[in-house]
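Trainee: I would like to learn how to read side-chain contacts in a model. Please take me through them one at a time.

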Amino acid sequence: MKIAIQKRKNSYSDEWIKYCEKKNIPFKIVDCYKSDIIAQLEDCDALMWHFHHKIPNDILCARQLMFSLESAGKYVFPDFNTMWHFDDKIGQKYQLEAINAPLVPSYVFYSKTEALDWINTIEYPIVFKLRNGASSFNVKLVRTEAEAKQLVKQAFGSGFNNQMDPLMYLKESIRKYHIGETKIGDILREIYHLTYRTEFEKFYHKQKGYIYFQDFIPNNDFDTRIVVVDKKAFGARRFVRNNDFRASGSHVASYDTALISLEAVRIALDVSKKLKLQCMAFDFVFKNGKPILIEYSYGTDIAAYKPCPGFWDSDLNFHEQEFNFCEWMVDWVVREVNNKSSI
């Protein structure tokens with residue numbers, strides 16, 4: 001048994017490699033960008049690749065390679081069920097609605113006329129999102145019908161750059177600088193970005209031809225992030241930015257398990273089981289005291305969960321202990337490969 005790992009600094013792969021070395025699990029580093037990647041994998045039973053939604057080469061080939069390997073009988077992490085909807089909020093809307101999961105009411109239109117007719121009938125504010133984006137970027141609170149109408153015209157006209165608002169990125173960089181999360185060089189980079197597009201933006205096509213909204217759920221000063229990996233769950237309460245409504249990416253969190261809704265944990269575990277997900281981070285807000293899903297993603301920040309005091313198992317029993325959720329991913333792959341070999 002041998003695992004292939006695509007190495008990328010500051011990704012899950014750092015922890016995968018350390019764990020394989022510690023446990024003497026056979027592995028090799030591969031280069032998924034090379035034309036001979038299939039040949040590289042001939043002596044491997046599985047491929048693990050923490051691909052990123054803002055790396056152009058990953059966008060070009062990661063899903064296609066992983067799907068191909070999985071269809072040929074190799075184990076991959078993430079697999080099809082876990083990754084097809086990665087960084088695609090509209091795909092997530094369809095999937096969660098299909099299984100009747102508790103989702104913030106969400107609306108997508110592919111017709112300018114239908115979208116304009118609809119915005120005349122709703123109450124404001126409402127939340128506008130592009131289908132791609134993380135850490136609350138490409139998300140905007142729309143307060144008036146006039147604002148909504150302008151967004152609809154842009155969506156079906158010139159479209160949106162994938163990184164929608166460079167000024168918002170600059171403000172966010174300044175905010176993080178004041179809480180010690182960034183350096184002055186990060187601010188200077190965002191100032192430069194006010195005029196010049198990033199390489200990612202040059203690569204990624206404009207988003208147009210659709211518009212996506214979610215209901216604004218008021219009175220939420222925080223959201224709850226629950227991560228499920230291999231039938232185990234952990235999480236945090238994440239607080240909104242000052243004078244804002246967005247919590248994702250705020251880097252202000254509490255890990256007190258007494259503040260985390262067990263119902264949110266249950267829902268995350270149930271959805272993961274139903275959809276056969278290897279790893280998923282679920283974001284919840286609360287309406288009338290009940291947790292409802294906003295969106296989800298297989299990729300999340302490793303360091304953000306090191307303060308977690310423990311995890312819940314599939315029966316909602318809490319285990320107060322240190323853990324490394326990236327190691328659970330390797331354990332899953334090893335177990336699946338061994339199970340296949342024993343058949």
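Mentor: What follows goes through ring pairs, charges over rings, and salt bridges in turn. This is a predicted model, where local features need pLDDT of at least 70 and side-chain atom pairs count only at pLDDT 80 or more, while totals for chains, interfaces and linings use all residues. Residues are numbered from 1 along each chain as its sequence is written, and side-chain values use heavy atoms, with hydrogens and water left out.

Trainee: How many aromatic pairs does a search of the whole structure find?

Mentor: A pair of aromatic rings is described by the distance of the centres and the angle of the planes. Rings of Phe, Tyr and Trp (its six-membered ring) pair if their centres lie within 6.5 Å; planes under 30 degrees apart count as stacked, over 60 as edge-to-face, and the rest as tilted. The search of the whole structure gives 27 such pairs. For F222 and F286, the ring centres are 6.1 Å apart and the planes stand at 55°, so this pair is tilted. It links distant parts of the chain, 64 residues apart: F222 is in strand 9 (residues 222–229) and F286 in strand 12 (residues 279–287). Helices (H or I, at least four residues) and strands (E, at least two) are DSSP runs, numbered from the N terminus.

Trainee: Are F222 and F286 buried or exposed?

Mentor: Buried means under 20% relative accessible area, exposed over 50%, and partly exposed in between (1.4 Å probe, protein chains only). Both F222 and F286 are buried.

Trainee: What kind of aromatic pair do F311 and W328 form?

Mentor: F311 and W328 form an edge-to-face pair, with 5.1 Å from centre to centre and 75° between the planes. F311 belongs to strand 14 (residues 310–312) and W328 to helix 12 (residues 325–342), 17 residues apart. Both F311 and W328 are buried. These two residues also belong to one aromatic cluster, whose members include Y12, W16 and F77.

Trainee: Which ring does the charged end of R237 sit over?

Mentor: A charge sits over a ring if NZ of Lys or CZ of Arg is within 6 Å of the ring centre and within 35 degrees of the ring normal. The charged end of R237 sits over the ring of F222, 3.6 Å from its centre. R131 has its charged end over the ring of Y210, 5.6 Å from the centre.

Trainee: How many salt bridges does the count come to?

Mentor: A salt bridge is a side-chain nitrogen of Lys or Arg within 4 Å of a carboxyl oxygen of Asp or Glu. By this rule there are 14 salt bridges. K2 forms one with D43, the closest N and O atoms being 2.9 Å apart. D43 also forms a salt bridge with K28, at 3.1 Å between the closest N and O atoms. K28 is in strand 2 (residues 27–30), 15 residues from D43, which lies in the loop between helix 2 and strand 3. D43 is partly exposed, at 39% relative accessibility.

Trainee: Which residue does D88 meet in a salt bridge?

Mentor: The side chain of D88 meets that of R131, at 3.0 Å from N to O. D88 is buried, with a relative accessible area of 16%, whereas R131 is partly exposed at 25%. Elsewhere, D223, R225, R238 and D283 are linked in a network of salt bridges.
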